[in-house]
Amino acid sequence: MTEDIDYEIDPENLPERAERTTLGPPSVVVDDLHITYRVFGARRGGTTQNKKSLWDKMISVGRPDTGPITQVPAVRGISFVAHHGESIGILGTNGSGKSTLLRAVAGLLPPTSGRVFTSAEPELLGVNAAMLPRLTGERNIVIGGLALGLNAKDVKANVPKVADFAELGDFLYLPMSSYSSGMASRLRFAISTIRTPEILMIDEALATGDASFRKKSTARIEEIRSEAGTVFFVSHSLASIRAMCTRALWIDKGVLVADGDVDVVADAYQAYVEGRTDASSGAKLK
Ligand SMILES: Nc1ncnc2c1ncn2[C@@H]1O[C@H](COP(=O)(O)OP(=O)(O)OP(=O)(O)O)[C@@H](O)[C@H]1O
Ligand SMILES: [Mg+2]
């Protein structure tokens, strides 16, 4: 699936840079967040705990033995405050903890320790957002709209608007399994932004769209931000992060190494991925 993703973006297809506006009140507060996944049944490698703790023994009494438990510390002590009217890019190499952080802020993963406060329920738009492939695009719009809390009448009224934004044409009445990955990602984006969310989180979800859709979706993101929403944007395309965000967080191995103006952080990250510096250069930016 990932091989379909085209991270190269023609700079001409990017919108004007996100405008710096005065910031509103805090929308997301993350306080010393730690997320550790517990993987059951691992056989070797990693940070396998070969000896079970007393607690593990107690909770697994009577259950079949799942083998040793591996702990994967994906987020390690991240703290930041996001404000209304900010769009924040999240940078980091594969496996650095970006998706885990977004899922925790969206309330989909409980913190192992630390706290997350949000001013509204965040809307997480990800590559794996739930869609039912055997149902038509139209049915998915209805289900998605209801899941967002719209009533049946509003959902019905929104179907043509969403289908139009996603430019599905006659595919609207075909099962989603017949869609290309770009078409599915357009529909996902269109559904998630039926209502203007107060906090929108986008995890790589726009990478498969073509240039014209990228233009449209970035314009919609800018509209959400200008209506004093907060947008989090994970992408491996530095060009889109620079164009769409005002601030960036750089995460390396679960640790927040830099938090600041998008250009400063993106420059430092670029130097790191090109091998010119190491991740500790980010720490100096904080
Ligand atoms: N469900 C899971 N169970 C166990 N470990 C996981 C799980 N999901 C992610 N991890 C691990 O947590 C760490 C962070 O993963 P995460 O998906 O948050 O990274 P990412 O920065 O989003 O990476 P990518 O750029 O590849 O999307 C990785 O070491 C990964 O192996
Ligand atoms: Mg990810």
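**Salt bridges and ligand shell**

Author: Let's start with one residue: Asp-252 is buried, with a relative accessibility of 9%. Buried means under 20% relative accessible area, exposed means over 50%, and partly exposed is in between, with a 1.4 Å probe and protein chains only.

Reader: Okay, which side chain does Asp-252 meet in a salt bridge?

Author: That's Lys-253, with 3.6 Å from N to O. A salt bridge here is a side-chain nitrogen of Lys or Arg within 4 Å of a carboxyl oxygen of Asp or Glu.

Reader: And is Lys-253 buried or exposed?

Author: Lys-253 counts as exposed, at 57% relative accessibility.

Reader: Before we go on, what should I know about the model?

Author: This is a predicted model, where local features need pLDDT of at least 70 and side-chain atom pairs count only at pLDDT 80 or more, while totals for chains, interfaces and linings use all residues. Residues are numbered from 1 along each chain as its sequence is written, chains are lettered from A and ligands numbered from 1 in the order in which they are written, and side-chain values use heavy atoms, with hydrogens and water left out.

Reader: Fine. How many helices and strands are in the chain?

Author: The chain has 9 helices and 10 strands. Those are DSSP runs numbered from the N terminus, with helices being H or I of at least four residues and strands being E of at least two. Of the chain's 286 residues, 47% count as buried.

Reader: Back to salt bridges. How many turn up in the whole structure?

Author: A search finds 10. One of them joins the side chains of Arg-115 and Asp-31, at 3.5 Å from N to O.

Reader: Which parts does that pair tie together?

Author: Arg-115 is in strand S5 (residues 113–118) and Asp-31 is in strand S1 (residues 26–40), so the pair ties together parts that are 84 residues apart in sequence. Asp-31 is partly exposed, with a relative accessible area of 32%.

Reader: What about Glu-167, which side chain does it meet?

Author: Glu-167 meets Lys-216 in a salt bridge, at 2.7 Å from N to O. Glu-167 sits in the loop between helix H4 (152–166) and helix H5 (181–192), and Lys-216 is in helix H6 (residues 211–226), so this pair ties together parts 49 residues apart in sequence. Glu-167 is partly exposed at 39%, and Lys-216 also counts as partly exposed, at 27%.

Reader: Which residues are linked in a network of salt bridges?

Author: Glu-86, Arg-247 and Asp-259 are.

Reader: Switching to the ligand. Which residues come nearest to ligand 1?

Author: Out of 13 residues around ligand 1, the nearest are Gly-95, Gly-97, Lys-98, Ser-99 and Thr-100. To count as near, a residue needs a heavy atom within 4 Å of the ligand.

Reader: And which polar side-chain atoms lie by its oxygens?

Author: Thr-100 has one 2.5 Å from an oxygen atom of ligand 1. Asn-94 has one at 3.0 Å from a ligand oxygen, and His-236 has one at 3.0 Å from a ligand oxygen too. A polar contact is a pair of N or O atoms within 3.5 Å.

Reader: How much of ligand 1 does the protein cover?

Author: The protein covers 61% of the 630 Å² of accessible area that ligand 1 has on its own. Those areas come from the Shrake-Rupley method with a 1.4 Å probe.

Reader: Which element gives the largest share of the shell?

Author: H2 does, with 3 residues.

How values were computed: Polar contact = N/O pair within 3.5 Å; in protein donor to acceptor, adjacent residues only side chain to side chain.
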